[in-house]
Structure formats: C-alpha cells, structure tokens
Amino acid sequence: SIEHCLDGTNIVPEIYKTYGILMIGSSNNTVVANNVYVSSLVNESNIKNSTNSLVGIDFYYDCDNNTTKDNTVRVEGNDNYLYGAGALAYPTGQPGSSTAKNNTFFNNTITVKGYNVVEGFIFGEGCEDNTVDTNHVKLNTNGTAYGITLERSDATTIKNNEITFTADKGYGIEFYDSDCNIITNNNITGNGNLICGIAGANAKSNVIEENVINAYGSNSTVSRIHDSINAPNSGIYFDGNSTDNKINNNKITTLIGYPVDLSEDATSNNITDNYLKGEIASGDAGVNNSEGNLVKDNYYLIFNDLEMDNMIVPYMSNMTIVLKGDKEDDGAVVVFKLNGNVIGNATLVNGVATLNYTLGKSYTVGNYPIIAEVSKADYKPVELTADLEVVRANITVYVADVSAKPGQKNVQFIAIVTDASGNPIASREVKFYRGANY
C-alpha cells in the first residue's frame with residue numbers, strides 16, 4: 001500500500017529466493033482468488049546443498065489488516081523448507097520494530113508436498129490478532145509436517161479449518177511461547193510414524209474446544225520430534241510452563257499414546273467434557289500427568305436409547321417416573337428434577353430407573369418439565385426432558401349419617417374430603433344441603 005511504500009534501495013532481511021506472492025510492508029490489501037504454484041529444480045541428489053525455501057503467499061513486516069481469501073496455493077519440491085502461507089512481524093532479534101496483525105486467511109486451499117519440512121500456515125514472532133478460518137490444508141512429506149505453526153505469536157484465531165497430513169512425523173497445529181489463541185471447530189487428521197494433533201510449549205491462556213482430532217501415529221518406537229516441542233504420539237500435548245489452557249468438548253482419537261499428554265510443568269489447565277479414546281487409556285484416564293490440572297467428565301462411551309415418557313398426573317397425587325435404557329447402562333446414576341428442583345435420584349438396574357414422588361400443593365394445574373440427568377464413569381453425561389401435565393384431581397366426599405331429634409339445635413355434620421390417593425384435602429369450602437335447601 002502507498003502508506004507503507006518502500007522507496008529507494010532497501011535490504012530486506014530473511015527473504016528466501018522463491019515466493020508465489022510476497023507482500024513487504026503492505027497493509028489493507030485483499031489477495032483473492034489467485035492460483036499460486038511454487039516449485040524448484042532441486043532434486044533428491046543435491047537436497048543437502050539446498051539453502052532455499054519455497055513459499056506460496058507471505059506477508060513481511062508492517063503488514064496489517066490484509067485479507068487473503070479464496071486462493072488455491074500449491075507448493076512442492078525437494079527444498080528443505082516449504083510453506084503455504086503466513087506472516088512475519090519483524091526480523092529476528094528486532095522485537096517491536098514492526099507488526100503483522102489483524103490479517104485474515106479465509107477459505108484458501110493450501111497443498112504442500114515436499115521431501116523434508118512442509119508447513120501449511122506459519123505466523124512468526126510478533127504476529128497478533130490474526131485469523132485462520134475455513135481453510136483446507138493438505139500436507140505430504142517424507143519428513144516433518146506442520147499444519148499451522150505459531151512462533152511466539154499471540155491471539156490467533158484458528159477455526160473451521162480442515163487439516164490433513166501424511167508424514168514421518170508431524171503436528172496438526174504447533175505453537176510455542178504463544179498465548180491467548182482460540183483454536184475451535186477444526187478437523188485435524190494426521191497419519192505417520194509419530195503424530196501429534198495439537199502441541200503447545202510455554203503456552204498460556206489458550207482455548208482449544210470443539211475440535212475433532214485423529215492422531216494416527218503408527219510406531220511407538222520412533223523418537224520424539226526434535227523440535228521446539230518434544231512431542232510424543234498424542235492427540236494434544238503441552239510442554240514447559242503451559243498454564244491456564246482450556247481443553248473442552250473436543251473429540252480426540254489416538255492409535256498410539258494418550259489422547260491428552262501433559263509434561264510435569266504443564267499445570268492449572270482445564271481438561272473437561274472431551275471424548276478421549278486412546279491406545280493406552282481413555283476418558284479421564286486418557287489424560288497423562290493429570291496432577292495439578294482440572295480433569296473431569298471426559299468420556300469414551302455414549303448412552304444409547306435412553307427414553308422417558310411424558311406424564312399426566314392429577315393434582316397432589318403420587319407419580320412414578322420411569323427412565324428406560326439398555327442393560328449396558330446399568331449402574332448409571334439418574335438425578336431427577338421437577339421444574340428445576342431436585343426431587344430424588346435412582347440407579348439404572350436391568351435397564352430401568354424409577355422414582356416415586358408425591359406432588360405437593362405448589363404444583364397446581366399446568367405443565368412442568370421433568371429433567372433426568374444421567375451419568376456414569378467414562379460415559380458422556382446426558383440430560384433427558386419430559387413433560388408433566390398436572391390436571392384437576394377427582395375428589396371423594398364422605399358424609400357420615402347423623403341422628404337428631406326434631407327441633408334439636410347445634411347438630412354437627414361431618415364431611416371427609418379426600419383426593420384420588422386417599423389423602424385428606426384441607427382449606428376447601430364444603431357446603432351442606434338438605435334436599436335443595438342450603
């Protein structure tokens with residue numbers, strides 16, 4: 001853009017030789033619907049001599065408020081490092097000298113195929129408040145793959161992306177010294193010898209939720225990735241001083257290793273309500289080194305075919321609430337609530353849980369929700385709702401025979417009024433008639 005025009009002769013550090021689109025000191029641009037292909041002539045016979053990197057689309061230094069969308073980027077070759085797209089705020093060792101913030105990468109298709117290291121997106125030191133949304137990333141390499149990398153960049157939103165990779169070793173998303181990122185609703189699938197879905201080191205206050213992670217590592221004897229993060233086969237891994245991270249409502253499956261693996265220094269993290277299915281352990285037990293972290297309500301089993309019928313009950317009558325399930329659900333605890341108030345609990349036995357309850361006078365004629373909260377170790381808790389309709393109750397009035405002499409005063413008449421269950425009814429007016437006379 002004109003406001004960041006580089007006049008005269010300039011030396012720009014850390015520039016590689018081969019880019020599809022390179023934006024230097026450029027802000028407020030829209031890069032849309034381009035077909036970018038980047039490759040080189042390096043072959044496997046001279047790969048060790050390569051000092052080049054191949055990059056599809058990159059933003060360098062003082063690049064803010066750019067939108068990159070609907071592009072098709074394909075990078076392939078035998079060079080050491082291949083990148084699909086990304087941004088860098090400032091040169092190494094010059095923190096704060098320039099920025100790369102508020103950039104959005106939306107609905108791009110990124111394909112990177114190489115011999116050594118391949119990366120879909122990379123955001124370098126000093127990047128902040130950038131967004132990676134609804135992109136399709138596909139990586140293939142004999143070496144190491146990184147779907148999205150955050151290198152000392154903060155507050156990146158990574159959402160709705162499809163990341164698939166095949167590699168000897170690889171990460172779906174990697175971030176280190178990177179805080180306050182939001183990683184949500186992404187679908188990550190990795191195949192290879194050593195695979196980690198999401199890895200963080202010295203990472204704080206990140207939110208990882210509603211993601212589907214399939215980490216299909218196949219070789220438990222492969223050494224850990226020699227990288228800034230020493231990750232094992234795992235779904236999510238945190239290393240170093242990683243604290244206050246929230247890992248909630250994800251679906252994580254691993255062929256080898258733990259669904260969630262934490263180093264001893266990774267504490268005060270919240271790992272709750274996740275589907276965790278692993279080779280070593282599942283559910284809450286699928287979190288390795290859980291001490292010092294909040295780990296609860298993680299599961300790998302799901303209740304099937306639970307049902308609870310609506311009910312019609314007369315006012316102030318007894319009722320029996322019945323919840324039905326499968327025999328495999330036996331042992332589950334059911335907490336029953338009526339109109340938001342706990343009225344009792346029961347345990348599933350032979351696929352049935354029942355609760356007897358007498359309606360109090362406060363449940364007048366009308367409709368009320370019955371809620372059943374069902375829980376069991378390693379199962380996903382569920383909540384069922386049924387409708388209770390309270391209708392007018394039939395009453396019984398019994399009047400005892402009375403004997404009296406003509407002209408006798410203060411003759412006592414007694415009427416006994418009961419509900420359908422035989423319970424006395426109080427605070428109701430009773431009128432006595434002799435024939436048609438009141």
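Val397 sits in strand S38 (residues 396-399), where a strand is a DSSP run of E of at least two residues, numbered from the N terminus. Val397 is partly exposed, with a relative accessible area of 48%; buried means under 20% relative accessible area, exposed over 50%, and partly exposed in between, using a 1.4 Å probe and protein chains only. Val397 also belongs to a nonpolar surface patch of about 580 Å², together with Ile395, Val399, Val402, Phe413, Val430 and Phe432. A patch is built from residues with over 30% relative accessible area and no salt bridge, joining nonpolar side chains (Val, Leu, Ile, Met, Phe, Trp, Tyr) within 5 Å and like charges within 9 Å. The accessible areas come from the Shrake-Rupley method with a 1.4 Å probe, and for residues only the protein chains shown count as cover.

Before going further, a word on the model. It is predicted, so local features need a pLDDT of at least 70 and side-chain atom pairs count only at pLDDT 80 or more, while totals for chains, interfaces and linings use all residues. Residues are numbered from 1 along each chain as its sequence is written, and side-chain values use heavy atoms, with hydrogens and water left out.

## The sheets

Let us start with the sheet of 10 strands. Its strands form an open sheet with parallel pairing, in the order S2-S5-S9-S13-S16-S18-S20-S23-S26-S29. Two strands count as paired if DSSP finds at least two bridges between them. At the edges of this sheet are strand S2 (30-32) and strand S29 (294-296), each of which pairs on one side only. On average, neighbouring strands here are turned by 5° against each other, direction ignored; the axes are lines fitted to C-alpha atoms, and angles run from 0 to 180 degrees between N-to-C directions.

For a look at one pair in this sheet, take strand S9 (residues 104-106) and strand S13 (residues 131-133): they run parallel and are joined by three bridges. Thr104 stands opposite Thr131 in S13.

Which strands form the open sheet with antiparallel pairing? They are three strands, in the order S30-S32-S35. Strand S30 (307-308) and strand S35 (352-358) each have a single partner strand, so one side of each has no neighbour in the sheet. S30 runs antiparallel to strand S32 (residues 318-324), and two bridges join them. Here Glu307 faces its opposite number, Lys324 in S32.

## An enclosed strand

Is strand S4 buried or exposed? Eight of the eight residues of strand S4 (residues 53-60) are buried, so S4 is largely enclosed by the rest of the structure. S4 pairs in the parallel sense with strand S1 (residues 18-24) over six bridges, and Ile24 stands opposite Tyr60 in S4. S4 also pairs in the parallel sense with strand S7 (residues 81-88), over seven bridges, where Leu54 stands opposite Leu82 in S7. In a regular strand, side chains alternate between the two faces of the sheet.

## An exposed lysine

Lys361 lies in the loop between S35 and strand S36 (366-375). With a relative accessible area of 59%, Lys361 is exposed. Leaving out residues up to four places away in sequence, Lys361 touches Tyr315 and Met316, where contact means heavy atoms within 4.5 Å. Lys361 and Ser317 are 44 residues apart along the chain, and their C-alpha atoms are separated by 9.5 Å.

## Salt bridges

Side chains of opposite charge can pair when their charged atoms come close. How many salt bridges does a search of the whole structure find? The search finds three, a salt bridge being a side-chain nitrogen of Lys or Arg within 4 Å of a carboxyl oxygen of Asp or Glu.

| Salt bridge | N to O distance |
|---|---|
| Arg74 and Glu76 | 3.2 Å |
| Arg152 and Asp177 | 3.2 Å |
| Glu373 and Lys337 | 3.0 Å |

The side chains of Arg152 and Asp177 meet in a salt bridge. Arg152 lies in the loop between strand S15 (144-151) and strand S16 (157-159), and Asp177 in the loop between strand S17 (162-176) and strand S18 (182-184), so the pair ties together parts that are 25 residues apart in sequence. Arg152 is partly exposed at 40% relative accessibility, and Asp177 is partly exposed with a relative accessible area of 29%.

Glu373 and Lys337 also meet through their side chains. Glu373 lies in strand S36 and Lys337 in strand S33 (residues 333-338), so this pair ties together parts that are 36 residues apart in sequence.

Terms used
Helices (H or I, at least four residues) and strands (E, at least two) are DSSP runs, numbered from the N terminus.
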